[in-house]
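Please keep the structure in view while reading.

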Amino acid sequence: MTDRASVDLILVPDFSPGLEGVVAAETSISEVDGANGRLIYRGGYLIEDLAPVATFEEVAYLLWHGELPTNTELDALKHQMAACRNLTDHAQRTLESADPETNPMDILRTVVSAQGSTTLPTKPSLEEAVALTAIFPTIVAAAWRRSQRHEIVKPRSDLGHAANLLWMMDGKEPSADRTRWLELYLVLLADHGLNASTFAARVIASTGSDLCSSVVGAIGALKGPAHGGATFAARTMLDKIGSTKLAEKWLIDAHARNERFAGFGHRVYRTYDPRARILKELAADAAPELHRKADRTEEVALRILHEAHPERPNATNVDFWASVVLTGAGIPKALFTCVFATSRVAGWTAHVLESMEDLRIIRPASVWTGPEAGKQPLPLAKR
Amino acid sequence: MSAEFVPGLEGIIAARTEISLVDGANGRLVYRGYVIADLAEEMSFEEVAYLLWNGSLPKRAELDALTQELAGSRALTAPAMATLESLPADTDPMDVLRSVVSVQGVEHKLQKPTIPLAIHATASFPTILATFHRLTQGLKPVEPRADLGHAANYLYMLNGKEASPEIVQALNTYLVLLADHGMNASTFTARVIASTDSDLASCLVGAIGALKGPAHGGAPSAVMDQLEQIGTADNAEHWMREARKEKVRFMGFGHRVYRTYDPRAKILKALCQRLNPKFYELASKVEETALALLHEEHPERPQATNVEFYSAGVLQAIGLPTEYFPPTFAVSRVAGWSAHVLEQGSHNRLIRPQSEYIGPAPRKPLPLAER
């Protein structure tokens, strides 16, 4: 075995903050081809080819199995998911004991944890991936209903994943359009390489922990404004801008204050985010008024950013247009991150299952920048 | 920067830190400049937590303030109590901890991690575990006592009576020894979550999930199970030789970082000898045999005893049920986790590594009817 210190020296002459550029996994679940602006889902499908033809259930199946389902396989999955939409008694009681004002991501984190608790440790399984994915809409919708002081609506087993979420949120059947908009969003956001939440899920799985622990950790990571919270931030910025006419002035002023524009920039894409392109097109139908404002905002923001940093590929990211489409689908801003999680849980679980094939604990190194070792502690009385 | 995939990120630097140094080559663990052997039997867990959070050991007044703040944060919220009461009695205590730390840490608006929040979370871990333990025993939960230290109060809440000073001291030493350990998987998880600017509870909940894995914190109970199977010191060599033939792993041996004897194991071993002679008799024989057998197989490997091995004996002496070993590890490590979260926040950059795609090249999907 090579001496550890020399391994450090050979492999990493320097430290890359944020592990930027460091390859932390081999994966066949998805590929973010940043240079060419392509997102490829498992099996080799480009996102723009899948988006028009596949439902969320089909995409989840694809991410878990590596191939799109046949009719029979899809029916079986839909049945299985519909049967997993109810909370256990203790998860239900945990949900109902939460203060209705609680951040819905915290409710999701807690109730998923309670729902997935077991007596003995379990190994991540496909069955559990399906069950965890199926339960998200139930929790998200209940958190919303409770925040509005409305009765919780029970899930329906005859509706698809997207339609059932809208049903449980509103207590009435959604229009075909709204379902389609939400469905497309869920398809587009289901996986995206080694983003922070997916990576968190893989690190947790690497210790041999259970699938629920990975998913709960991933929810925690997604909650951060630098990750899943970005859609909320984009919509908040659009709200602050006020009207389309005011967009230019607001953005110029904000830029002068060194404020970051929410919904712009991405570490990986060097061109227009393919998901943003699809959502932008959809946004014109889904939320025409907000689309006009967003369109103007994008135009001005890209101009300002380009003037400030002509060398940077400051493209619009998925959060910007997602915030418009979700609005059109009738999702309140407070639930944006939860709905993101409702989609991404398919990817998280697929990554965990994939990592099981060759499990190795993820335990990186650190550089010591503290005081030299061997300081003598003073007794309390002499400090 | 090497773009080559390194499994497990072994040797890849993921952070700069001033919190702890695992000096594997020299078998030293260093907290903020202090070698663990100098802290272990001198300092209270509270002093070490203060050290990890603030970078220096507390003065008397600072320690008093921390002690008070911890004592004042031991009670659980009503939703946390409701969750504890609703979880089935046979739930894995690690899952209980994960769920109740999550509910205890809920917020209305996103808060940046701070030392007061770290104190608040750290204070709640013993209450959560002790309350659940009492409930599953059909006993009334015991209210925390403000006049007891962190270790003493944990034992008091578990048992409903004060533990002897010797036992309190043993638990305290365990808590000091396990409080931080470089970029281990759970700490790294906490930092990844913190890097998205998420809240402290999210980081801690993720870290608990990582610690639950048998390759990380789940090991102490495995040590106990294996010792039970071996049964007696006389049986050790026979059992272990047979076990190796079937590729059974010896629990509590080997570590990716230490190339010598784990300094924490050394201290815990001495504690075991004193407090748990029956365990020690068997365990020291098993250790001797394991090291000999492992050395025969891989003379080039530094197959040293790791911290889990003698932790088991110490925690048993303290009177903890086996299933409470991993969450008691968390009672200690939460100090380190939260210190790392605060450090990550002080010079943050989103942790988002790359992956290497090994799937098929792009192709067109078939419509459902044609599949």
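How many residues lie between β2(B) and β3(B) in the hairpin that they form?

## The hairpin of chain B

The model discussed here is predicted. In it, four residues separate β2(B) from β3(B) in their hairpin. The turn contains B:G27, whose phi is positive, at about 60°.

Strand β2 of chain B covers residues 20–23, and strand β3 of chain B covers residues 28–31. The two strands run antiparallel and are joined by four bridges. One of the residues involved is B:S20, which has B:Y31 in β3(B) as its bridge partner.

## The largest cavity

A search of the whole structure finds two cavities of 30 Å³ or more. The largest has a volume of about 50 Å³.

Its lining consists of A:T94, A:L95, A:A98, A:D106, A:I107, A:T110, A:V111, B:V103 and B:V106. The elements giving two or more residues to this lining are α5 (89–97) and α6 (104–115) of chain A. The largest share, four residues, comes from α6(A). By class, the lining of the largest cavity holds six nonpolar, two polar and one charged residues.

## The second largest cavity

The second largest cavity contains about 40 Å³ of space. The residues that line it are A:G265, A:H266, A:Y269, A:T271, A:D273, A:P313, A:A315, A:T316 and A:N317. Sorted by class, this lining has three nonpolar, five polar and one charged residues.

Key:
Residues numbered from 1 in each chain as written. Chains lettered and ligands numbered in written order. Predicted model: local features only at pLDDT ≥ 70, side-chain atom pairs only at ≥ 80, totals over all residues. Heavy atoms only, no water. 1 Å grid on protein atoms, 1.4 Å probe; cavity = no way out; pocket = protein on both sides within 12 Å on 5 of 7 lines; lining within 4 Å. Points joined across faces, edges and corners; volume = space filled by probe spheres on them. Nonpolar A, V, L, I, M, F, W, Y, C, P; charged D, E, K, R; others polar. Pairing = 2+ DSSP bridges.
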